[in-house]
Amino acid sequence: METIDCIKTRRSRRLFTDKEVPDEIITTLIDCAVNAPSSIDCQPWHFVIVKNRESKLKLARLKEEGNQQHILTAPISIVVCVDINKSPGRWIEDGVTATENILLGAHDIGLGAVYVTGFKSSKPEVAEDIRSILNLPENIMPITILPIGYPDDSEKLEKKELIDVNNIIHHEKW
Ligand SMILES: Cc1cc2nc3c(=O)[nH]c(=O)nc-3n(C[C@H](O)[C@H](O)[C@H](O)COP(=O)(O)O)c2cc1C
């Protein structure tokens, strides 16, 4: 797929088939992630691959927004983490750049995926719960949880109305 097509056709997918995601594909996705930009090229990432049903169930239930069933039904979730000691003050951005690369890489390969919040400054206890479920050390912060699998085509995607770029481009000054 052309890069711009990939960017423009990616959507959040929350329904998956039972088909497993092969380990080579998971490796490809992590390879996409580590090619992301990071502050002073610190590359502070760690990735936890979750396949175990019990862990998925705990992760799916911990969100204050309600049950994130897609974490349970996806064959895998990649939890994108950063070492906060390697990325002082920039670890959220560093986690998010890697996240977007995984989402785009997954779409390019024909997988579906969705961004689920891991760290949220207004609710830091969510990240602490993830830390305890996944046994993360103190310096490792979970930023996002990415349920990934082969998309179930029965999922009805809401039509997405994009904002008009003409209203948000400002030439030279606002
Ligand atoms: C910062 C952020 C947090 C999000 N958190 C969640 C989440 O916790 N659960 C979820 O199902 N989707 C989450 N999403 C996905 C958004 O709902 C989704 O990207 C948005 O509705 C636009 O749809 P699209 O991805 O299909 O373009 C999040 C996206 C972002 C960027």
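How close do the axes of helix α2 and helix α5 come, and at what angle do they cross? That was my starting point today, on what is a predicted model.

**Entry 1: the helix pair.** I took α2 as residues 23-34 and α5 as residues 91-109. Their axes come within 7 Å and cross at roughly 140°.

**Entry 2: who touches whom.** Next I listed the residues that make this contact. From α2 I have I25, T28, L29, C32 and A33. From α5 the list reads A98, N101, I102, G105, A106 and I109. Sorting the residues of the α2 contact with α5 by class, I get eight nonpolar, three polar and no charged.

**Entry 3: the ligand.** Then I moved to the ligand and its surroundings. I find nine residues around the ligand, and R11, S12, Y115, V116 and T117 come nearest. The shell splits by class into three nonpolar, three polar and three charged residues.

**Entry 4: the whole chain.** Last, I stepped back to the overall fold. I count six helices and five strands in the chain. Reading from the N terminus, I wrote the order down as α-α-β-α-α-β-α-β-β-α-β. For the extents, I have the C-alpha trace spanning about 50 × 40 × 30 Å along its principal axes.

Notes
Residues numbered from 1 in each chain as written. Predicted model: local features only at pLDDT ≥ 70, side-chain atom pairs only at ≥ 80, totals over all residues. Axes fitted to C-alpha atoms, helices over the stretch in contact; angles between N-to-C directions. Helix = DSSP H or I, 4+ residues; strand = E, 2+ residues; numbered from the N terminus. Contact = placed C-beta atoms within 7 Å. Nonpolar A, V, L, I, M, F, W, Y, C, P; charged D, E, K, R; others polar. Near = placed C-beta within 6 Å.
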